[in-house]
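Reader: I am new to this structure. Please walk me through it in short steps.

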Amino acid sequence: MLELLPRIKEILQWCGLGPAAFADEIGIARPVISHVVSARNKASLEVVQKILARFPEISPAWLMLGEGAMLKGLEPGSSKNLEVTSKPEPAKDSDEKPERKEKVQEIKSATSAPLIPNPSEEKQLVKVILFYSDGSFENFGNSL
């Protein structure tokens, strides 16, 4: 089987998405696509299935084997005029995206609250750790 990487990069360019947005669009973890695009890992069957499920207009034979045209019904040299530069249709389940955005906002607000220091609280130094270039370290302070 030929490498999928050039075809996955072509899909990214075709849909006008970066690796992170593409991963969100097809429903996989962002590091998975990042590692595939950087050639650290090869695309798994799950990645291929998710791409084909989200973009049914992409030819499975083209994606997996490099045979034929990228889009179904568009053979090389055919007279059909299919606009390849346009963005694909949004997901069929339109309720899914707003819900996902709300969840992301909820997560952001929940995680950002504890990071803001309260100026009325008095800070006390608890522990200092010094790391040295030879891998050793020294620990100073109260051991809790």
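**A first look**

Reader: Is Asn 139 partly exposed or buried?

Author: Buried means under 20% relative accessible area, exposed means over 50%, and partly exposed lies in between (1.4 Å probe, protein chains only). Asn 139 has a relative accessible area of 45%, so it counts as partly exposed.

Reader: What kind of model is this?

Author: Residues are numbered from 1 along each chain as its sequence is written, and side-chain values use heavy atoms, without hydrogens or water. Local features need pLDDT of at least 70, side-chain atom pairs count only at pLDDT 80 or more, and totals for chains, interfaces and linings use all residues; the model is predicted.

Reader: In what order do the elements run from the N terminus?

Author: Helices (H or I, at least four residues) and strands (E, at least two) are DSSP runs, numbered from the N terminus. The protein has six helices and two strands. From the N terminus on, they read α-α-α-α-α-α-β-β.

Reader: What percentage of the residues is buried?

Author: The protein has 144 residues. The buried share of them is 22%.

**The strands**

Reader: Which sense do β1 and β2 pair in?

Author: Two strands pair if DSSP finds at least two bridges between them. Strand β1 covers residues 127-131, and strand β2 covers residues 137-141. Five bridges join them, and the sense is antiparallel.

Reader: Which residue in the turn has a positive phi?

Author: β1 and β2 form a hairpin, with five residues between them. At the strand ends, Phe 131 has Phe 137 in β2 as its bridge partner. In the turn, a positive phi of about 95° belongs to Gly 135.

Reader: How far apart are the C-alpha atoms of Asn 139 and Ile 129?

Author: Asn 139 is in strand β2, and Ile 129 stands opposite. Leaving aside neighbours within four places in sequence, Asn 139 is in contact (heavy atoms within 4.5 Å) with Lys 127, Val 128 and Ile 129. Asn 139 and Ile 129 are ten residues apart along the chain, but their C-alpha atoms are separated by 4.6 Å.

Reader: What relative accessible area does Leu 125 have?

Author: Leu 125 sits in the loop between α6 (96-112) and β1. Its C-alpha atom is 8.1 Å from that of Gly 141, 16 residues away along the chain. Leu 125 is exposed, with a relative accessible area of 70%.

**The helices**

Reader: At what angle do α2 and α4 pack?

Author: Axes are lines fitted to C-alpha atoms, for helices over the stretch in contact, and angles run from 0 to 180 degrees between N-to-C directions. The axes of α2 (residues 19-26) and α4 (residues 45-54) are 9 Å apart, and the angle is about 75°. Under 35 degrees counts as roughly parallel, over 145 as roughly antiparallel, 65 to 115 as roughly perpendicular, and the rest as oblique. So α2 lies roughly perpendicular to α4, at about 75°.

Reader: Which residues in α4 does α2 meet?

Author: The α2 side brings Phe 22, Glu 25 and Ile 26. They meet Val 47, Lys 50, Ile 51 and Arg 54.

Reader: Around the axis of α2, what arc do the buried residues cover?

Author: The buried residues of α2 are Phe 22, Ala 23, Glu 25 and Ile 26. The arc is that of the directions from the helix axis to the C-beta atoms. The four lie on the same side of α2, because their arc is only 160°.

Reader: Which helices do the buried residues of α4 pack against?

Author: In α4, the buried residues are Val 47, Val 48, Ile 51, Leu 52 and Arg 54. Their packing partners are α1 (5-15), α2, α3 and α5 (60-65).

Reader: What relative accessibility does Leu 45 have?

Author: Leu 45 is also in helix α4. It counts as exposed, because its relative accessibility is 57%.
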